[in-house]
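Have the viewer open while reading, and take the headings in order.

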Amino acid sequence: MELLLQTLINGILAAGIYALVASGLALAVGVVGIVNFAHGEFSMIGAFVSYLLFVSAGIDPMISLGLAAIVLFLVGAITYYGLIRPVLAAPELNQMLLTFGISVALQNIALLLFGADTRVVSTAYQGATIALGGVSFGVPPFAAFVLSVGLLGGLYWFLGRTRLGFAVRAVAQNRLAPGLLGIETQQIYLLAFGLSAALAGVAGVMLSVMLYASPTVGFAYTLKAFAIIVMAGLGNLRGVVPAAIVLALAEAVVSTYVPGGGGWVEAVFFLVIFIALTWRSWRLA
Amino acid sequence: MLKVSGLTKRFGGVVAANEVNLEVRGGEILAVIGPNGAGKSTLLNLLSGLTRPDAGRIEFLGLEITHSVPEVRTWRGLGRAFQIVQPFHEMTVRENLMVGALYGKPGTSLATAQKVVQQVLELTGLSAKADTEAGELTLLEDKRLELARALSTQPKLLLLDEVMAGLRPAEAMEAVELVKRIRASGVTVLFIEHLMPVVRALADRVVVMDYGQVIAEGPYDAVAANARVREAYLGRSA
Amino acid sequence: MMLAGALLLLALVLPGLPLGSWRAFLLDAAQFAFLVSGLALAWDLLARTGQLSLAHGAFFGLGAYATALSIPALGTIPALLVGGGIAALSSLLLGLATLRLQGMYFAIATLAFSEVMRTLVLKAQFTGGSIGLPVQPAFAGAYPLGGYYLAVAVLIICTLVSLLMSRSRLNYAMAATRQGEAVARVLGVSVVRVKLVAFMISACLAGLAGGVYAMKTLFLSPYDAFGLGRAVEALVIPIFGGLYTTTGPLLGGLIIVSLETWLRLRIGEGYLVVYGVILVLTILFLPKGLMGLLARRRGARHA
């Protein structure tokens, strides 16, 4: 019973950061119409920003969060402006290949700069745990969860209650023919892509504490985010949170109850992608 | 030749085809007309298999094809030209036609297909453009290609979806002559059209649809005089 | 065409040329280039139907493992056939499940497939798991150049299949499927069957290349054989060289793998950066690849 409870709590806590990364991806897909393979690399950059600030200046990750958000917003905006915008009118596959290329390039640039080692931001509170009844959980995952919930709440508030958010949704819902993009639409795209990258970057800072910073840390999260948004329905932001919970719980259950589960966890999100897509493929047929 | 009975298709709450009954007789030219949104294009998609019906039955040359996939209907002799021309841009006109000629009838050899393509090119007046890339054609030539490609599958019944849309009156009349030549070569034709002069010039028989239902059927003059038809058109144009 | 022939001829006579002290290194690098180019040619065959696969690294890896595991019992050539067969079989299963998916959905599904395959190989016992799997050399090491010529043979087979498919009736169906699936169906093309056939031929060739690769490296690990890097190579080379052509992937393979080999010497890990950058630049500035560039040059001269 306690094992089950612990498993469920682990799953729910992990779901927060999943939802954060996936919401960013859903924003890029839903608003700009770009399936961004480099999304996880934005998280990777966030993780390294946090690591470098911590090592060089002793800045706490809690503070890096804001800095990483700004840096990644800029990275996202520049990526959009310089690389994505030129291919908005190109076939979908070209757009996908372009972001795939960006992903491969960023991963390997990081590899050249930092090597393949994993680097952890070891704060004082990193190993701290909270015990409640028979279950316990680490402080960083709990903080990450609370932060994720807060940020997602902010995102939904922004999209649902503000004028600008309304404009973003309007652009998402009736995407104009490429080539006919007005200046306002372009600005919305820029904003959405920047926000998307910023969300990934913030998640990356959390990863630098909970997991580590490494060149390939982000790619796994791109794939998990794919699994989530495919489950939710591509570009459907509202379905992201429940889908993230499903994925995280499934992973937690596998890692607790399947013998040698550690390695199999890696297969869970692929199975989810696979089942969701295959189901989709037969429904379409 | 083609018998449709009780054919029904709903999209959400909209009934795009409501118990449609229809018969196409061998050798005729049948026009399907109706106001925008009457369900004409849905009907064609149901006939060529791109949309699956919720209920009803389609019979072609005595065999049921209600649930057949599009390619099987094509093999049986059902050709289709689209309203929005979608040529294969990276191929020449000839190569576009080769696709239909090779795959429209299973087991066609390259040599036979080339002969079919030559005939279709001549019939549709595209011989001079045979080796032009499809992406470089004019609108009129695009429309001809769309027709020619449907013909390259050697259909017994040809479904035409507003192939005259966007043409100038003189061009449309040229196209009318082309469709007449096609019929003379032994192909039955069912076409959707908005331009009444074209319908009058071509159709042996007219079927009128409104709100997914067939509301009238008969020779052009009789249908044009029909009160329900007039209401359907006039009542909506306001 | 001429270019392709010249490249293959060079591959055949390369071991006989006076290469001096670089001989061993050059032959090894060339062998790798042939296998990767063969993989790229194979990938392009599926791309002709409009499907973008990220699973070709996995077919390569499956071919490598299946060949490695069956060499002791069957010998070199039959083991290679097993490798190609296993890859084709897995593509059939994957294709039946996913080939109705279009565009990015198919790409994501194939990516998921390759990661699941890697996990399976890592977790299974008979594959050596994460420790890896030693492989016997080609023909039990009886011919020093055996592995090299097997690689040349794979490249020639891939080139011939690519050329033959360009000239076959299937080419019309593949191009039609790529350029408009609904229209192709109404013209009588069974698009799912066409995609499945292309997928199987493509995966089989990838598996063959993987099998020869196994005998070349003599040791397989899941991270190497199923790494994403191979899938990246398989798709960047044809895109850079020129999609839907035979000479494009050959020429692209020669150039990119040379660059890769040089970079591996200089910077080691991280050499894949060249693939990322080339992919981005090609999509932005050279949408038809090198072949498009050559055609434009030629067209300009004739005009």
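## Where chain C meets chain B

Chain C puts 16 residues in contact with 23 residues of chain B, contact being C-beta atoms, placed from the backbone, within 7 Å of each other. This is a predicted model, where local features need pLDDT of at least 70 and side-chain atom pairs count only at pLDDT 80 or more, while totals for chains, interfaces and linings use all residues. Residues are numbered from 1 along each chain as its sequence is written, and chains are lettered from A and ligands numbered from 1 in the order in which they are written.

On the chain C side, helix 7 (169–179) and helix 8 (181–186) are the elements giving two or more residues. Helices here are DSSP runs of H or I with at least four residues, strands are runs of E with at least two, and both are numbered from the N terminus. Helix 7 of chain C has the largest share, six residues. By class, that side of chain C has 10 nonpolar, four polar and two charged residues. (Nonpolar covers Ala, Val, Leu, Ile, Met, Phe, Trp, Tyr, Cys and Pro; charged covers Asp, Glu, Lys and Arg; the others, Gly among them, are polar.)

## Where chain A meets chain C

Here 35 residues of chain A touch 31 residues of chain C. On chain A, helix 4 (92–114), helix 8 (217–232) and helix 10 (261–284) each give two or more residues, and helix 4 of chain A gives the most, 15.

Four strands of chain B make an open antiparallel sheet in the order 2-1-4-5; strands pair if DSSP finds at least two bridges between them. Strand 2 (14–24) and strand 5 of chain B sit at the edges with a single partner strand each, so one side of each has no neighbour in the sheet. Strand 1 and strand 2 of chain B pair over seven bridges, and B:Leu2 has B:Val24 as its bridge partner. Helix 1 (residues 40–48) of chain B packs on this sheet, touching strands 1, 2 and 4 of chain B.

Strand 1 (residues 2–11) and strand 4 (residues 55–60) of chain B are joined by five bridges, with B:Lys3 opposite B:Glu59. On strand 5, B:Glu59 stands opposite B:Glu64. Strands 4 and 5 of chain B form a hairpin with two residues between them, and B:Leu61 in the turn has a positive phi of about 50 degrees.

## Helices inside chain C

Helix 6 (residues 146–167) of chain C reaches 31 Å over 22 residues, close to the 32 Å expected (1.5 Å times one less than the number of residues). Its buried residues include C:Gly147, C:Tyr148, C:Leu150 and C:Cys158. Buried means 20 or more other C-beta atoms within 10 Å of the residue's own, with C-beta atoms placed from the backbone. Among the elements covering them are helix 1 (2–13) and helix 12 (247–267) of chain C.

What is the angle between helix 4 (residues 76–98) and helix 9 of chain C? They pack at about 145 degrees with axes 7 Å apart; axes are lines fitted to C-alpha atoms over the stretch in contact, and angles run from 0 to 180 degrees between N-to-C directions. C:Gly83 and C:Gly84 of helix 4 are among the residues that meet helix 9 of chain C, where C:Phe199 and C:Gly207 are among the partners.

Methods: Two residues are in contact if their C-beta atoms, placed from the backbone, lie within 7 Å. A residue is buried if 20 or more other C-beta atoms lie within 10 Å of its own, exposed if 12 or fewer, and partly exposed in between; C-beta atoms are placed from the backbone.
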